[in-house]
Amino acid sequence: MKEEFNPDKMIKVTNERYRQWYHIQTPGGWLNDPNGLCYFKGYYHVFYQFHPYSAEWGPMHWGHVRSKDLVHWEQLPIALTPGAPEDKGGCFSGSAIIKDNRLYLFYTGHNYYDDNDLDHFWENQNMAYSDDGITFHKYAGNPIIKTPADNTQHFRDPKVWEHNGHYYMVIGSQDKENKLGRILMYKSTDLEHWESCGPIIQSHNRDAEGWMWECPDLFTLGNADVLLCSPMGIKSQPEQFMNLSQVCYSVGHLDYQQHRFDGSKFRELDHGHNFYATQTMLTPDNRRIFFGWLSPFNEKMAEQADGWAGSLTLPRELVLEDGQLKNRPVKELAQLRQAGGTKKHLTLNGEAQVSIKDAQHAEYLFDFDDGSLTDFQWSISDQRGSLIKINCQGAKVTLYRRGTQDQYRYATLTAPAKNVHIFVDTSSVECFINDGAASFTERYYATGKVTAAIAAKGVTLDEQAYVLGKGEE
Ligand code: FRU
């Protein structure tokens, strides 16, 4: 079967009420993971898992946007359509690399056996390429890597990088014998032929470390190597790992000779309800940035009734400071600020409204005077009451999201909160505390006008608030 995309069947957005202003989203249809992040011929390229025909997950295409500044995005034609012999059931997540002026995509071909069982599939790794960054050709020699014999059917999400003249790839996997998550590494000199380096790290316990590790990523940051992945199956612990799945990181060392990654125990990269499947890239000025999926997991998304679903997080920078991994919004986002921002220095004992024209498309910054913080809260509300609340009590941060259950998420800082930085878009909130030492990523759905307020007990602070503009071209 030849793969074909039918634009006439594309689902249309029927209501703009939850459409994001400055986050990457589909023109209509379903989105999940960010894929193929790269910088090519003057543009940042971001691809995403895309089902163009409905607002539900379905046969995965790669949607595509590009930007010159990480802020203003232009939708491009679909880059990958499933239906080739090796990706009949979907073009699953993967990554990009540039070699000799050509953009290469690596992606997982997802294939079902013809028995109507969606849990019965095989996966392999494939390549596609483009010289203009717009039209992509699938490589004639696909698949480039088949599922190894000691693996179950879970074998996906290739991430490729270059190191000392060789190309390396990590793949999310599950071993056949113990049914535990692990990461396989492969090595190549030409991107077409890959030799196995075996598993570089694996889960030892289903409940504590997961049974399948999706979306692996491995890179050097400062003087360490960092592993990011999205394990499935980690059991909730008090105030930790409370989502169905979460993005975890480990800081350590990749031994390129022994093919081993040794690192710290998994920790969560973000503490919010809606964060998954991150991917990183290096900017031309050597910053390690990433996007994630503002994921719903087992929840319905209100915008599905309007013909679309999901968006990516803001682009965020990763830094390693004092052995701690921090993530914060990229500096380019300041371009979204519109005239009329406010700045105030105040001592607050009680509640106050944040005076801003459009609280739903806004950036908020709070800097607390040294030693003054005991209790501080920021919230947004609609006509039905609080939507999202963030509370800092010393080093303890608690987030509330409106809902009938599972409203709270938590983080504990290594030092009392010094600053809080928040981005609100039409249906998301991203909150960063202490320059990204902790973050929370949330979707929300408001009815009617949204207002923002702060409340504190004797806290002296600098408050800044900016209305933000649109990021679409
Ligand atoms: C993560 C994931 C990936 C897979 C993709 C399919 O959300 O399950 O492992 O490649 O989504 O859409």
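Me: Which residue in β14 is the bridge partner of W213?
Reply: The model is predicted: local features need pLDDT of at least 70, side-chain atom pairs count only at pLDDT 80 or more, and totals for chains, interfaces and linings use all residues. Residues are numbered from 1 along each chain as its sequence is written, and side-chain values use heavy atoms, without hydrogens or water. Strands are DSSP runs (E, at least two residues), numbered from the N terminus. In β14, the partner of W213 is P231.

Me: How many bridges join β13 to β14?
Reply: Two strands pair if DSSP finds at least two bridges between them. β13 (residues 212-221) runs antiparallel to β14. The two form a hairpin with two residues between them, and G222 in the turn has a positive phi of about 60°. The number of bridges joining β13 to β14 is eight.

Me: Which residue in β15 stands opposite D225?
Reply: β15 (residues 248-255) runs antiparallel to β14, with five bridges. Opposite D225 stands G252.

Me: Why is β14 largely enclosed by the rest of the structure?
Reply: Buried means under 20% relative accessible area, exposed over 50%, partly exposed in between (1.4 Å probe, protein chains only). Both faces of β14 are covered, with A224 among the buried residues on one side and D225 among those on the other. β14 (residues 224-232) is largely enclosed because its buried residues number nine of the nine.

Me: Which residue's side chain makes a polar contact of 3.1 Å with that of S428?
Reply: S428 lies in strand β30 and is buried, at 0% relative accessible area. Beyond its neighbours within four places in sequence, S428 is in contact (heavy atoms within 4.5 Å) with residues including H23 and E442. A polar contact is a pair of N or O atoms within 3.5 Å; within protein, one must be able to donate a hydrogen and the other to accept it, and residues adjacent in sequence count only if both atoms are side-chain atoms. At 3.1 Å, the partner of S428 is Q20.

Technical notes
Helices (H or I, at least four residues) and strands (E, at least two) are DSSP runs, numbered from the N terminus.
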